[in-house]
Amino acid sequence: MSSQAQPGAGQLKTASPGSELPTSKKQNSEPAVRQMLGQKLMLDLRYYCQQATPAGACRTPLTSLPAELAGLISQYNIGGVILFAENLQDNQQIITLNRQLQQAAASSALKQPLFISIDQEGGRVARLPRQLATSFSGNMAIGATYPLHGNHFATLSGTILADELLALGINVNFAPTVDVNVNPDNPVINVRAFAENPAVVAELGGAMTAAMQQRGVIAALKHFPGHGDTHVDSHLGLPRVEHSRKQIDQVDLLPFTEIINKQQPGMIMTAHIQYPALDSTTFTAKDGQQMLKPATLSRAILHDLLRQQLGYNGLIVTDALDMAGISHFFSPHDAVIATFAAGADIALMPVKLQGPAELANLAALLTALEQAVENGELDRTELRASYQRIIKLKQQYPLLPEGTAAAQLAKADKLLGSPAHRQAELALAQAAITRIPSAEHANKATLPALNGKQIVLIMPDSNKAAALSLALQQQSRQPLSIRSLSLLQDDLSEAGTLLAQADVVISGFITPMPSLAEIGGMDDVSALGPLAARYQRQQQDFLSLLRQVKQSQTPHLFISLRAPYDAAIYGQYADVSLASYAYNSEDNAIAAGDPGATYTALARVLLGQAEPTGSLPVTVKPASTELAAPAKPNKQDSAH
């Protein structure tokens, strides 16, 4: 693993001669208000269409920086950008894009390097191509290893994630998620949380934060003051948490408090969530209705609680401001003014810049912000203090790559997805596999033997069936007879015949359905309707098939591939239930003979070559055999 300078020494790792990137320059005189405001904006460059496109309809990935966007970054002294999967193809392209971005910033009056950020949590939320970079099984998998391994895998994954990001020129990771998942129906956090125990979340989140920052990548804890007890995705609406102040202190805030005190995280991300016990004041939404202030817009939560009571001195960054938890109720200008007035340092994704016709949006926003300073809506002294916090953090971390582009590429090619990193990824996946206790079988049932048997896999789709089948064949000492059923098949009329021929059935399911955080963001919201309908059909088909297996008394093993809560429903049809907390696989990788770490680890357990040594980090309660249809999002009552 690469060696990086320790942050916090006041030294910025800068580019070497011939690298095409200048060093950061410290400002001797106070910048203009507009320049300071530019540093407080973090832009979304996911899509960009040169040709005229209806607003919100552009789907052309930005993989190279257009001259007009480079000009905006330079002209307006923009402080940061966020990258999505669509921006990221291969090492050379990513490095080139990031160097273009930093060159644009170097051409600005302030000459401050950019925060180049990403959501690379691991598990469900990983923007770098999985076949390129190491993504790990995610936080809840790490939580499952805690009783035996302590914070080992939190430190290991944080270290490797940071090394790979920094090699590409990405210097901020919106991770770790330190929400305490106490709500089994949480649609957006679930396995993104380490556990339901706040002390465990604090320890593992702190270890990952320390590891990333020691390697030179700025960590951003999320989502303050806590997204763990919501039943609505804040991408789709405005969640509300009715915890008492005592419960908030003991559960939601505890990980933030501990990590602030011990690790000094560079950033903390806000949550678009109402917390009446923390702030019961109201605002008038753009449609005229009176609403409780969400945390992102609450001075009581961001300034009084986070800054003053918890003593946090780093940067407060908003969750994406295009999410419905904010955008349904505020105009873009009003949202940014309100969050800056509340105490946020950085507005994430404040305006759309997806084509030439939208570029004027940025100047209009800055003009509105300038006017807010002039008329006293935004305090000039607080603006100056926020700007100084931003510059201080930029001076503490290696935001610019070392050496030439060619040298950077050579290092990245050697580092990303290296054999040592893939071995660590597999080690976590293996240590996390958990046997879920069953009241019916009292944990006495043995895993069914697979050799010489007709095995039928029932999996959410053909990709996951192919991944598990490949892993089983690779790990088995003799060829196996495996046939598969995909729950995305249009015609399951032959399923009964296939199941009747099975000696062993292995089934797997993914609960809950993917959220916008996993898919990418608000630009994908139109896909949720068809996805929800398809998912509901999968649920019903899966239950029907499991009932057939149960009736035939065929030996059956169920695998919970995401949040283990679903074992309460589906596990009662099986002899043994396992949890993997992850389901990552790629078609290209499978075709090349790589089923992925999760499926390799599962195969070893299914074949009796490894024991499932993980422990449930959340409580799985018995449930009814009847499956309720998933609730539809309520836009009025409802992460990055």
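Colleague: Which residues of helix H9 are buried?

Modeller: This is a predicted model. In H9, which spans residues 299-309, the buried ones are Ile301, Leu302, Leu305, Leu306 and Arg307.

Colleague: Why do they count as being on the same side of H9?

Modeller: Around the axis they cover an arc of only 165°, so they fall on the same side of the helix. An α-helix has 3.6 residues a turn, so residues three or four places apart point the same way.

Colleague: And what is exposed on the other side of H9?

Modeller: Gln308 and Gln309 are exposed there.

Colleague: Zooming out, how many helices and strands does the chain have?

Modeller: There are 22 helices and 18 strands. Of the 640 residues in the chain, 61% are buried. The chain exposes about 23,200 Å², and carbon and sulfur atoms supply 50% of that.

Colleague: Where does the chain go from E2?

Modeller: It crosses through helix H3, residues 91-106, to E3, and this β-α-β crossover is right-handed too. E2 and E3 (residues 115-118) also pair in the parallel sense, over four bridges. Val81 has Ile116 as its bridge partner in E3.

Colleague: Are the residues of E2 buried or exposed?

Modeller: All of them, residues 80-83, are buried. Gly80 and Ile82 point one way from the strand, while Val81 and Leu83 point the other way.

Colleague: Why is Phe542 with Tyr570 called edge-to-face?

Modeller: The planes of Phe542 and Tyr570 are at 65°, with the ring centres 4.9 Å apart, so the pair is edge-to-face; the cut-off for that class is over 60 degrees. Phe542 is in helix H19 and Tyr570 in helix H20 (residues 567-570), 28 residues apart. Both Phe542 and Tyr570 are buried.

Colleague: Which residues form the aromatic cluster?

Modeller: Phe509, Tyr535, Phe542, Phe558 and Tyr570 form one cluster.

Colleague: E16 is also in a sheet. What is the strand order there?

Modeller: E13-E18-E17-E16-E14-E15, six strands in an open sheet with mixed pairing.

Colleague: Which strands stand at the edges?

Modeller: E13 (434-435) and E15 (481-486) do; each has a single partner strand, so one side of each has no neighbour in the sheet.

Colleague: How many bridges hold E13 and E18?

Modeller: Two, in the antiparallel sense, with E18 covering residues 576-579. Thr434 has Ala579 as its bridge partner in E18.

How values were computed. Residues numbered from 1 in each chain as written. Predicted model: local features only at pLDDT ≥ 70, side-chain atom pairs only at ≥ 80, totals over all residues. Heavy atoms only, no water. Buried < 20%, exposed > 50% of the residue type's maximum accessible area, 1.4 Å probe, protein only. Right-handed = clockwise from strand over helix to strand, strands pointing away. Pairing = 2+ DSSP bridges. Phe/Tyr/Trp six-rings, centres within 6.5 Å; stacked < 30°, edge-to-face > 60°. Areas by Shrake-Rupley, 256 points an atom, 1.4 Å probe, with all protein chains shown as cover. Arc of directions from axis to C-beta.
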